[in-house]
Amino acid sequence: MSDFSVWFEETFKECYCEHRGLVDEKRFTELVQVILDNEADDKSRAIFEHKIKTCIKSSNCFEDEKCIQEAIKDKLVEHRSVIPNDLAQSIKKSINL
Amino acid sequence: MSEESTKKYTEQEKGEVFNNEFMPHVDSMYNFAYRLTFDEDDSKDLVQDTYLKAFRFINSFERGTNAKAWLFRILKNSFINEFRKKSKQPAKVDYNEVESYYNSDDVDANITTDLRVETVQHMIGDEITGALNALPVDFRTVIILSDLEGFTYEEMAKILDIPIGTVRSRLHRARNMLREKLTGYATEMGYN
């Protein structure tokens with residue numbers, strides 16, 4: 001088992017109480033972010049997906065996190081700086097290309 | 001970075017690599033530089049300096065590999081090693097203190113991330129960019145690399161010279177810090 005899988009499983013377990021209810025939303029969001037960033041391996045993703053299908057609190061937490069992350073990304077992307085017109089040319093000029 | 005003794009590319013090939021693999025990333029490079037320096041002239045200088053170094057060390061670049069990550073790594077190192085020292089915007093905080101605080105285990109307990117989806121949707125890009133710019137540079141950097149430039153954790157680990165687990169935890173903390181700032185801002189503006 002990879003270091004990542006071990007970390008994911010252990011963190012996942014710590015998010016839930018003995019009755020399998022979500023008790024640590026802050027830690028859970030770290031797992032959600034890893035999933036949303038497409039960085040989880042197949043095994044970890046399967047564990048996660050099974051849980052959000054069966055636990056409403058986990059599912060809501062996932063959806064909220066997903067929407068917030070997408071909204072922040074979209075607004076940051078649309079707010080990019082204006083590139084100076086002459087930048088590419090002056091770079092090429094500086095190395096005689 | 002060391003210059004290789006053997007010549008790998010002809011002069012013509014160097015031009016091709018530079019034009020076809022390096023130059024397409026100039027916009028991303030400028031945006032990254034601007035989000036680090038907050039100054040147009042400084043950003044331009046930083047990008048030009050990066051491209052000069054890229055050309056100088058072009059023989060250590062493998063054609064067809066990830067040119068964007070390679071260039072970002074050079075830019076990040078230039079910013080940290082040389083540029084930040086002479087920057088018009090000196091660091092206002094001791095980064096080591098900030099990092100040790102934010103890497104401590106109990107920091108998450110102090111961060112409230114009670115941010116609602118609708119609140120973010122009501123905000124404009126300026127407000128979110130302002131909150132991002134207020135983060136310490138190394139936390140701001142991971143958000144830029146991941147959420148704006150789309151680098152993977154592995155690529156970020158190489159660009160930043162840190163373990164992949166550190167990328168993951170720093171990114172999580174950076175996002176929490178950003179949300180904390182947005183929550184504070186929303187409360188101030190009466191969005192909540």
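The structure is a predicted model, in which local features need pLDDT of at least 70 and side-chain atom pairs count only at pLDDT 80 or more, whereas totals for chains, interfaces and linings use all residues. Residues are numbered from 1 along each chain as its sequence is written, chains are lettered from A and ligands numbered from 1 in the order in which they are written, and side-chain values use heavy atoms, with hydrogens and water left out.

**View 1. The interface of chain A and chain B.** Here 35 residues of chain A are in contact with 46 residues of chain B, contact meaning heavy atoms within 4.5 Å. The two chains bury about 3700 Å² between them, 62% of it on carbon and sulfur atoms. Lys75(A), Leu76(A) and Arg80(A) lose the most area in chain A to chain B, together 17% of what that side buries. Buried area is the accessible area (1.4 Å probe) that two parts lose on being put together, summed over both.

**View 2. Salt bridges between chain A and chain B.** Four salt bridges are counted between these chains. In one of them, Arg80(A) pairs with Glu149(B), the closest N and O atoms being 3.0 Å apart. A salt bridge is a side-chain nitrogen of Lys or Arg within 4 Å of a carboxyl oxygen of Asp or Glu.

**View 3. The two domains of chain B.** Chain B is divided into domain 1 (1-91) and domain 2 (113-192), with bounds from an automatic or database domain assignment. Their contact takes 14 residues from domain 1 of chain B and 17 residues from domain 2 of chain B. These domains bury about 1400 Å² between them, 57% of it on carbon and sulfur atoms.

**View 4. Glu149(B) and Lys68(B).** The interface of domain 1 and domain 2 of chain B holds two salt bridges. The side chain of Glu149(B) meets that of Lys68(B) in a salt bridge (3.0 Å, N to O). Glu149(B) also forms a salt bridge with Arg80(A). Between the two domains of chain B, eight residue pairs are in polar contact, both residues being at pLDDT 80 or more.

Notes. Polar contact = N/O pair within 3.5 Å; in protein donor to acceptor, adjacent residues only side chain to side chain.
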